[in-house]
Amino acid sequence: MKKILLGTVALVALGAAPALAADLAARPYTKAPAYAPAPVYNWTGFYIGGHIGGAFSGDNSIGTGVTASDNGKFLGGVQAGYDWQFAPNWVLGVEGQYSWLSGSNSSWSWNGNLLGTPGTYNYADNQRGLASVTGRLGYTWGPALLYVKGGWAYADYSSSYVFTSNAGVTTGIAIDSKKDGYTVGGGLEYLFAPNWSGKIEYQYYDFGNVDLGNGFSAKNDEHVVKAGLNYRFNWGGPVVAKY
């Protein structure tokens, strides 16, 4: 009798198992969250832009090429260049720029005894602009680029120096209207929108010494601080890796 009861229970259990499984609620399906890789910014490409800022003569500079006083001058200009990103966070580039300076006509006059010759010293300067062609090397993280730059510099100006002695003898010289030199500097650039970047930059210009005659010369250098805006071609925004 026990065997009959055990067999009956086993048969009932086997028959009920499919029904119980059918009555169980289906296991909900949860979709794995989508993987969103961080954007990779690419600095490679050509760009053009403009800048504004100020130019200041060095402490020991007579100001030839920028200003004949300690006061700064407003400047504005344009730039163009090409960047190449490699390895993978380094950026190598070349840039050319030209800056026009405001208030370019300046002069000073001094009456005294210089190098044993008493008289009146007059100096006049007509500054038109500064130009440079530089290479630059930078390190980028995300949309930011920190860089240094250096290369050839050029000052477009005309200057004259006139000395009139107390005896009425006048001696005058015309200083070259164009001067080559070098420039070094650095800055920070930031990609804030597709195709657009902004920058802040410092540059030092050195054009050697100015010969004022009578064995007298003065340093010719200046410091420039500026902010700029660039439009970058063939750059549609951050590149996102696809999987």
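The model is predicted, and local features need pLDDT of at least 70, side-chain atom pairs count only at pLDDT 80 or more, and totals for chains, interfaces and linings use all residues. Residues are numbered from 1 along each chain as its sequence is written, and side-chain values use heavy atoms, with hydrogens and water left out.

**Confidence.** The mean pLDDT (the predictor's confidence in each residue, from 0 to 100) of the chain is 78, and 65% of its residues reach 70 or more.

| Element | Residues | Mean pLDDT |
|---|---|---|
| Helix α1 (lowest) | residues 2-23 | 48 |
| Strand β3 (highest) | residues 90-101 | 97 |

Over residues 64-68 pLDDT stays under 50, and the model has 31 contacts (heavy atoms within 4.5 Å) beyond four places in sequence for them; over residues 239-243 pLDDT also stays under 50, with eight such contacts.

**Surface and burial.** The chain exposes about 13,800 Å², of which carbon and sulfur atoms supply 65%; accessible areas come from the Shrake-Rupley method with a 1.4 Å probe, and for residues only the protein chains shown count as cover. Of the 243 residues, 38% are buried, where buried means under 20% relative accessible area, exposed over 50%, and partly exposed in between (1.4 Å probe, protein chains only).

**Around Glu-201.** Glu-201 lies in strand β9 (residues 196-211) and counts as buried because its relative accessibility is 4%. Beyond residues up to four places away in sequence, Glu-201 touches several residues, among them Glu-95, Gln-97, Tyr-147 and Val-224. The side chain of Glu-201 also makes a polar contact with the side chain of Lys-149 at 3.2 Å, a polar contact being a pair of N or O atoms within 3.5 Å for which, within protein, one must be able to donate a hydrogen and the other to accept it, while residues adjacent in sequence count only if both atoms are side-chain atoms. Glu-201 and Gly-53 are 148 residues apart in sequence, yet 9.3 Å apart in space, C-alpha to C-alpha.

Notes:
Helices (H or I, at least four residues) and strands (E, at least two) are DSSP runs, numbered from the N terminus.
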